[in-house]
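This report describes the fold and packing of one model. The sequence and structure come first, and the text follows.

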Amino acid sequence: MIAYLARRIVQSLLILLGVSVITFALLYLLPADPVRQIAGRSATPATVENIRRQLGLDQPFVIQYWRYLLHLLQGDLGRSYIQRSQVTELIVARLPATLLLMVGSIVCELLLGLTMGLVAAVRRGSATDQTLMVASFVGVSAPQFVVGLLLLYVFAVRLSWFPIGGYGTFSHLVLPSLTMGILGAGWYARMMRSSMIDVLRQDYVRTARAKGLARGAILFRHALPNAVLPIVAMIGIDIGILMGGIVVVESVFGWPGIGQLAWQAIQRVDIPIIMGVTLVSAFAIVLGNLLADIVAPFIDPRIKLR
Amino acid sequence: MKRFLASTVAASALALMLGLGSVAFADETLDPNAKPGGDIIITYKDDVATLDPAIGYDWQNWSMIKSLFDGLMDYKPGTTELTPDLAESYEISPDGKTFTFKIRHGVKFHNGREMTAEDVKYSIDRVVNPKTQSPGQGFFASIEGYEEAAAGKADGLSGITVVDPYTIKFQLTRPDATFLHVMAINFSHVVPKEEVEKWGADFGKHPVGTGAYKLAEWTLGQRVVFEKNPDYWHKGLPYLDKITFEIGQEPIVALLRLQKGEIDVPGDGIPPAKFQEVMNDPAQKARVVEGGQLQTGYITMNVTMKPFDDVRVRQAVNMAINKDRIVQLINNRAIPANQPLPPSMPGYDKDYKGYPYDPAKAKELLAEAGHPDGFSTELYAMNTDPNPRIAQAIQQDLAAVGIKASIQAQAQANVIAAGGDKNGAPMIWSGGMAWIADFPDPSNFYGPILGCAGAVPGGWNWSWYCNKDLDAEAAKADSIVDPAKAAERNKMWSDIYIKIMKDAPWVPVFNEQRFTLKSARMGGADNLYVDPVHIPINYDHVYVKDVQ
């Protein structure tokens with residue numbers, strides 16, 4: 001176990017290093033010149049060159065990357081080109097909101113998806129099953145911007161059940177989590193359904209039924225825990241998929257998370273922030289996958305860590 | 001004569017002020033209908049980048065900074081007319097190279113300390129200091145000692161002298177007619193040295209100035225709260241107790257919230273998709289204020305690239321574009337333009353007709369220039385709506401005269417980079433990146449975008465137009481410093497722009513109008529909501545009508 005853990009941690013660090021190099025290189029190759037953004041449109045060529053020198057952006061790629069890495073190892077993500085503030089300060093201010101939204105989204109998608117999958121599997125072949133599967137398909141395909149705005153318009157503006165975007169209370173969390181959750185729910189519903197159908201076909205389920213156990217007991221005590229196993233592994237990967245939706249959903253609902261920060265930074269070519277958010281996201285994804293892999297054998301003793 | 005005039009004006013102004021008392025003088029800028037008090041909520045989509053006047057240069061923080069800080073000069077609210085602000089009076093030497101300002105007594109920073117001439121010098125030295133990396137450094141180039149200070153070789157501008165705590169003198173290397181505008185721009189606003197040194201690069205998040213409001217709260221990514229400055233030197237202002245800027249709000253969500261009465265003004269304006277709907281509703285339309293901006297949208301043609309090096313081709317393009325149709329494409333949120341300057345800019349020529357929309361004549365000109373069957377070219381545009389649609393309309397207009405333009409719709413930064421490359425882009429539609437004036441003076445539309453100084457790699461003169469004769473005329477016009485000769489100077493600038501139109505490096509297409517939608521409780525003159533300088537709202541002068 002310790003050996004496995006050590007190996008995985010080293011792998012994760014290498015992955016993060018790789019992400020940092022690739023992202024840095026991509027940003028370096030952009031035709032847009034960040035110095036011009038900072039210097040503004042009224043700057044003379046002399047001012048532009050001076051700023052370029054001060055920020056070290058006249059150095060070759062390797063030197064620039066090396067300096068970035070050195071600072072990174074000391075926990076310094078640099079200063080935003082546009083805002084001039086510490087990137088760590090900007091990210092730390094917004095990270096709790098994103099984490100909260102991720103948790104809310106995972107809860108939503110699991111509740112929705114697992115329920116839908118369970119019901120569809122139990123009523124396999126029926127109209128309910130087909131409706132739920134179509135619904136899951138819609139959930140996966142619908143653009144989150146549209147879904148978010150729709151939910152906002154119906155439930156917040158027209159019905160006033162929830163505040164119109166914003167952050168702070170539980171009722172602020174509901175609609176954005178739902179929007180994010182609907183996408184994941186679609187996937188989980190389908191996975192849960194197939195997994196459940198598989199499990200329900202197993203011999204031990206037939207045995208339990210023959211023993212005369214109540215349907216509820218069979219479902220929830222014997223079938224469900226086994227069906228959920230592959231799902232648990234997915235949650236780790238899911239964090240990655242959620243990261244993508246975060247940008248859009250945070251924009252729609254005015255949710256002060258790192259997705260909004262990333263979006264603005266991309267538009268203004270604010271490289272330090274883009275690097276910072278990418279690294280933080282990569283870290284979260286890598287960590288999520290690592291935890292999922294470690295937890296798996298505890299849930300399913302059949303899985304052995306190699 | 002000039003000195004006599006200037007000092008007479010100064011003397012009589014002083015006499016008036018002293019005569020009427022230091023506090024209760026008849027202030028034409030105070031609104032008799034305004035009652036002090038009340039809070040308002042403004043929404044914005046993007047984070048407030050910084051509130052440091054030396055750094056902040058986007059249209060969102062521009063007027064926020066103006067409310068936290070003051071400069072020697074300002075503009076009368078809602079207008080483009082200069083007026084002394086922190087300066088009580090000023091004197092311009094007859095040769096136009098020396099500006100002496102008398103500073104008001106008793107102006108306090110938000111931290112309680114009194115502002116003096118030392119602070120003014122410190123603030124401007126700071127902007128010119130290369131370590132600050134200020135985008136406004138170049139505005140002070142006419143002050144003596146600029147070259148050394150900007151290169152980091154001197155510790156400040158030798159041309160700025162603190163005569164006494166309430167008198168400051170600026171010595172220029174050449175007569176500069178725009179200098180008073182430069183004293184009104186954000187980069188000249190006064191900052192307290194001790195606070196800047198305390199916060200360093202983070203001063204932008206902890207601003208301390210002399211303005212009508214002070215910063216009460218900044219929750220990163222969520223809201224910025226301004227509170228009334230009770231010690232503001234201009235008694236009676238501001239009217240509001242508090243302004244809350246809520247960040248991260250999509251324009252369409254902001255509009256929904258306004259319709260529900262949750263906010264007062266959506267800072268990013270009416271989203272284009274909802275514009276017709278809002279304007280078709282009489283109740284909402286009544287709360288929309290429409291005003292001009294110091295902005296022009298234009299097509300640049302790279303005069304160094306064939307076939308745009310032939311003036312006949314450029315003139316033909318001017319006659320091929322159907323500007324009315326393009327304005328319709330954006331729901332009439334602009335007015336067609338026929339010259340580089342916008343109508344609200346001094347120097348705008350009301351009588352100039354420009355090039356007519358005449359595709360037949362355009363084809364003739366093209367044939368004359370040796371392109372009877374047209375030619376192929378590329379049109380660059382920014383990829384956010386409505387610019388791709390406008391680019392398509394331009395493409396169609398060009399096709400009608402035989403010019404086959406392929407559209408390159410890219411991210412803003414990429415188009416800007418292409419424009420700044422001599423071999424980058426033959427034609428660029430400037431929408432989304434279009435020039436807005438830094439200050440309401442005709443020279444601001446020349447230097448960086450049409451003058452030789454801007455035709456450099458990374459510059460903003462995307463047509464790479466460089467006419468040395470016009471540069472000389474521009475310099476001459478800018479040396480007419482005497483305010484009494486302003487009309488003559490404006491006429492010189494009008495002539496310069498008419499000459500530019502003859503050379504036709506650009507096709508001026510339209511001037512965007514600004515539409516500000518406000519809640520019913522907001523009060524104050526309409527022009528405060530479409531203030532050409534304090535964009536979009538002059539926070540110092542607006543009030544709410546429901547104060548108890």
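Predicted model: local features only at pLDDT ≥ 70, side-chain atom pairs only at ≥ 80, totals over all residues.

The C-alpha trace of chain B spans about 75 × 60 × 40 Å along its principal axes. Its secondary structure amounts to 17 helices and 21 strands. Of the 548 residues in chain B, 51% count as buried. When contacts in chain B between residues at least 6 apart in sequence are considered, 69% of them join residues at least 24 apart.

The largest nonpolar core contains 225 residues, and the members that touch the most others are Val277(A), Ile299(B), Ala316(B) and Ile394(B). Helix H5 of chain A, residues 87-122, contributes the most to this core, with 13 residues. In soluble globular proteins, nonpolar side chains tend to be buried together. Beyond its neighbours within four places in sequence, Ile299(B) contacts Ile394(B), Met427(B), Ile428(B), Trp429(B), Trp506(B), Val507(B) and Val509(B).

| Helix pair | Angle | Distance between axes |
|---|---|---|
| H10(B) and H12(B) | about 165° | 8 Å |

Because angles over 145 degrees count as roughly antiparallel, H10(B) is roughly antiparallel to H12(B). The crossing of H10(B) past H12(B) is left-handed. On the H10(B) side the contact is made by Arg312(B), Val313(B), Gln315(B), Ala316(B), Met319(B) and Ala320(B). On the H12(B) side it is made by Pro359(B), Lys361(B), Ala362(B), Leu365(B), Leu366(B) and Glu368(B).

A further site concerns a loop residue. Pro77(B) is found in the loop between strand S2 (73-75) and strand S3 (82-84) of chain B. Pro77(B) counts as buried because it has 21 C-beta neighbours inside 10 Å. Leaving aside neighbours within four places in sequence, Pro77(B) is in contact with Thr29(B), Leu528(B), Asp531(B), Asn538(B) and His541(B). Pro77(B) and Asp540(B) lie 463 residues apart in sequence, while their C-alpha atoms are 8.8 Å apart in space.

Methods: Residues numbered from 1 in each chain as written. Chains lettered and ligands numbered in written order. Core = buried A, V, L, I, M, F, W, Y, C linked by C-beta atoms within 7 Å. Buried ≥ 20, exposed ≤ 12 C-beta atoms within 10 Å, placed from the backbone. Helix = DSSP H or I, 4+ residues; strand = E, 2+ residues; numbered from the N terminus. Contact = placed C-beta atoms within 7 Å. Axes fitted to C-alpha atoms, helices over the stretch in contact; angles between N-to-C directions. Parallel < 35°, antiparallel > 145°, perpendicular 65-115°, else oblique. Left-handed = near helix turned anticlockwise from the far one by under 90°.
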